[in-house]
Structure formats: C-alpha cells, structure tokens
Amino acid sequence: MKGLPRLTEYRFEARDEADTERLASRLAARLGPGAVVALDGDLGAGKTRFSQALARALGVRGTVNSPTFTIIKEYEGRDMPFYHMDVYRLSQEEADELGLEEYFFGAGVCAVEWASLIADLLPAERLELYIGVAGASERIFAVRPHGEPYASFCAAMADEGVLARE
C-alpha cells in the first residue's frame, strides 16, 4: 500500500533450545523499560520457552511458567520488572478492560504470547517474533521491528551476524 513504511523482517534459525536462549539473551541486552515483545506461533512452537529464556536473561530468578490462566505474571528482574502475558483466552474487549497499557508503557519488559489476538491494543513500537516449528527441536524466528529502538538494534544484530535480513 502506498504511504505505509515497508518493515524489514529478520530471521533467526535455532537448532536447539541453546540457540533460543542465545537469541533471548542478545535481545534482552538491548531491551529497556517499556519494551514490548509480541510473540506468536503455532501451539507448542516455543513462545513460553522463549519467554522463560528472556526472563532469565533479564535476571529473573526462580521459575517462570505460562500465565495461561492467570493472564499476567509479574517478576522482578535484575534491573527492571518482567511482565509475562498470555492473551490466548481473552477477547479484544476483555484485554482492553485489563489496562494492559500500564504494562506496555511501564517500567519493565513485556512478553505477550498470542499477541496478534490483541493487535489493536499493542503499542505501535514493539518487536514481533513469530516462531515456526522446523523440526523436533529446530525453530525459525521471524523477527519484525516496529519503530525505534527495535529497528536499530535488529539492524545491529544483523550486522553482527545474529539475525539474517529477509
């Protein structure tokens, strides 16, 4: 469509969970307060596993598990809170009533599983990750930055050889 910016997409291939942890660690080093990581992918693709790796990289101690039935779990990280959300069972209207913007624009990092279900509520600036299953332990991450600083740090990660430009 005319007038819309073309978004650059990146790719990351994970052979195993160690590669997923490496990606999460590299991203965590660049995320600051108010960062939103929007996660999507098939059931069982690894959204929660990625969120756990991201939480660990942000300095969260203890067990990080799926917030499927609690919707939002809050954890203390090394430098800032980590907010882990699973919006699979919410309607857009229900999600709107939860006041998610307080988390999105708050003091911590948000990881939102099934984020595409509440796309209209997500901040314009965010990092989208779509996780695809490529084998028993292999995953393909499609990474799409929306706005700054996401575009800059994805470009830097591509220059470093972590991400591949699509």
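Leaving aside its neighbours within four places in sequence, which residues is Phe141 in contact with? I took contact as heavy atoms within 4.5 Å, and for Phe141 I listed Tyr10, Arg11, Phe12, Ala14, Thr20, Leu23, Phe50, Leu129, Tyr130 and Ile131.

Notes on the source. I am reading a predicted model, in which local features need pLDDT of at least 70, side-chain atom pairs count only at pLDDT 80 or more, and totals for chains, interfaces and linings use all residues. Residues are numbered from 1 along each chain as its sequence is written, and side-chain values use heavy atoms, with hydrogens and water left out.

Cysteines. I counted 0 disulfides, a disulfide being a pair of cysteine sulfur atoms within 2.5 Å. The sulfur of Cys110 is too far for a bond, because the closest cysteine sulfur, in Cys154, is 17 Å away. Cys110 is buried at 0% relative accessibility, and Cys154 is buried at 0% too (buried is under 20% relative accessible area, exposed over 50%, partly exposed in between, with a 1.4 Å probe and protein chains only).

Glu101. I noted Glu101 as partly exposed, at 41% relative accessibility. Its C-alpha is 17 Å from that of Leu31, 70 residues apart in sequence.
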